[in-house]
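Let's take a walk through this model together. Have the sequence and the 3D view ready.

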Amino acid sequence: MKSLSRRDFLKMGGIAAVLGTAGITTIAPRLHNHTETQSSPHTGHMLQQGNHGDLPGTVGEVNHEKNGFNPTDILTDFDYGKVSTLPNGQTLREYNIVALNKNIEVVPGIEFPAWTYNGRIPGPTLRATEGDRIRIHFSNGSNHPHSMHFHGFHPGNMDGVPGTGPGGLVEPGDSFTYEFDAEPFGLHLYHCHVFPLARHIAKGLYGAFIVDPKQGRPPVDREMVMVMHGIDIDFDDENDFYAVNGIPFHYQNHPIQIKVGEKIRIYLVNMLEFDLINSFHLHANFFYYYPTGTSLTPSEFTDTIIQGQAQRGILEFTYKYPGMYMFHAHVTEFAELGWNGMFEVLP
Amino acid sequence: MTHPTPHTVTKRFTFRTFILLLLPVILLAGVIALFLATGGGLNLDPAAPVENLNIERYSLKPNTIELSVRNTGPDELTIASVIINDAVMPFRVTPNATIPRLGRATIHINYAWSYGEAYGIKIFTSNAIPFEVEIPVAFETPAPSRTTFLGFTLIGIYVGVIPVFLGIFWFPALRTLGRRAMTFLMAATAGLLIFLGLDTLAEALEFAHQVPSAFQGIGLIGIGAVSTFLLLEAISNQQTSVSGNETQRRLTIAFIIATGIGFHNLGEGLAIGAAYNVGEIALGTFLVVGFIIQNITEGLGIIAPVLRDKPGIGKLALMGFIGGAPAILGAWIGGFTPSPILAVLFLAIGAGAIFQVVYEISKLIRKDTERQSMPMTVFSGVLTGMMLLWVTGLLIK
């Protein structure tokens, strides 16, 4: 965020000297007339502010087909892998991940030259049960070296960090298989760990990794994954847009439909680069919060939580009344730059 | 002809001359075609497109911000996103979001801005190149209504017309001065003009930075100033050779001074109008007083060359009008259709005129000092003139 230089400006009023701004007494600025009616052809959707200007948001739609993914689908797209059983009786889950350079239209008319896992931001949501054997066939189809670094227990040579073996840095055209047991249970994540790290993450190389407890979690009606992140479109190491699951304002433009009384569980991961914290605020409701998902007992009953980068947690809630309810970062700057969504609660 | 040529060759424009003139042009076309076809060996594709968007003006209306932009980059570009104070805003572009090279467009944003607050606007093109503009103090941009029109007129009268005429009112008193005092006054006028000329040039340079690079602001200053200087020089030489009359000559100089000061005041008016538009209103009535005091010396400068003559009241009034009234015109242009290109051009013309006049006055002074020795008069006069503007300038800066 750039600070405005109004004070400097007034100080240097003298520059206007040559200019000599004389007419203050003769032309009094007319104040904002609130009674004037104004048609706003661009107030889209259900959110309107009458004649007080448009609300922040995008007009039009990005090309989801060309992008190859739609944030609405990502919400419930859990990849359980190819399942088989090992001789020792352990469940084996195999996943194929490819690192790809891909232009993604993030706001209508602007493409972001992203680095992706499987061509999408965020990468696939990998899901397993505690104790399963995980085998990830990672190949690098891009022109930069990349890796996959998982949060969780695993041997050092499976850590995906340069210097820890062949899995630490996979050259373009090469591949590597990461293999480890899924533990501990909870909500985790993975991301590229090749340096410069901030750039490799900011370009889009991250995804959620869910490890369910052996006995499972109490049943709910709907489960969703939300990965919060930023988009630094001009590479100045400052985010220009903020989003959940790839596209700014997507769930504002396409509210998530749920029903009154339905139990909702959200797997929320923060992968925001460059900014210190991110947050999640739910309107007209409270949720149980399970930090990192490593306990089955919630730590808090609240309506707002904050997360630093790579922090994550599980939210559970139910709506009592039908209506439109906002959810967004309560770092409101992020909300107005794209991290804003709506639940449409149907009766 | 002092050296007649032995053979009188009739130089006619023949077909052969025509072909010879054309030959380099044809060869040039060939070289350009070759370069474009082969890339000249520099086969470099830019990693990122080169784009340039000039945000020429913003205007605020209730619940609306409008940005006038011009594409000064080498290719067409498309406006893709507008962010105001870190909020992505819906917007509309007329005539089209895709702007051709050197084309203009207006971006309309339906935004509930608040009086007196500051706004930072970032525009992204479809190639994710950001362009920023800042609104330091938001208030409604004066529309060309009768009230604002009269307002700008009044500013022009206060800053330009009144002070210049007040200066001219010194005429009867100064006529009674002796030759030495008059020479001193002429030198002081030269000092005033040198100071004004530098000031005008500095202003032109400042505006030149706002001119889109394609229009080469600094080059415009050169064209405006040098051509004005030489044109006035030619006119003044013609006047002298035609009439040979000293009185007539001094009158011409007075008119040229009036014209130069007129251009200077036009530039001042432009700047005032533009400054008002962007809300540089932190200055106050005190400064108007400062301007009146400073500009009164301009009137003095106009009449100095004709003090020993008897120009009619009509002529004096005309000089005052030429010197002061352009401030009104400038305020209108600056207030309603600010254009840095026009501002640069006007200011450059003003600078050229002023420096030419200084040259003319120096010739007059030289004539005076030939008849009577006045060792320190010119030095003290010029210094007094410059110091006068510097000191009164303290009131404004």
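In chain A, Val225(A) sits opposite Tyr267(A), a residue of strand E14(A). That strand covers residues 264-270, and it pairs with E11(A) in the parallel sense over seven bridges. Strands here are DSSP runs of E with at least two residues, helices are runs of H or I with at least four, and both are numbered from the N terminus; two strands pair if DSSP finds at least two bridges between them.

A word on what you're looking at: this is a predicted model, where local features need pLDDT of at least 70, side-chain atom pairs count only at pLDDT 80 or more, and totals for chains, interfaces and linings use all residues. Residues are numbered from 1 along each chain as its sequence is written, while chains are lettered from A and ligands numbered from 1 in the order in which they are written.

Back to E11(A), residues 222-231. It also meets strand E12(A), residues 241-244, through four bridges, and these two run antiparallel. There, His229(A) stands opposite Ala243(A). Eight of the ten residues of E11(A) are buried, so the strand is mostly covered (buried means 20 or more other C-beta atoms within 10 Å of a residue's own, exposed 12 or fewer, partly exposed in between, with C-beta atoms placed from the backbone).

Now hop over to chain B, which has eleven helices and nine strands. Of its 397 residues, 45% count as buried. Look at helix H2(B), residues 146-168: it bends by about 40 degrees at Ile157(B) (the angle between axes fitted to the seven residues ending there and the seven starting there).
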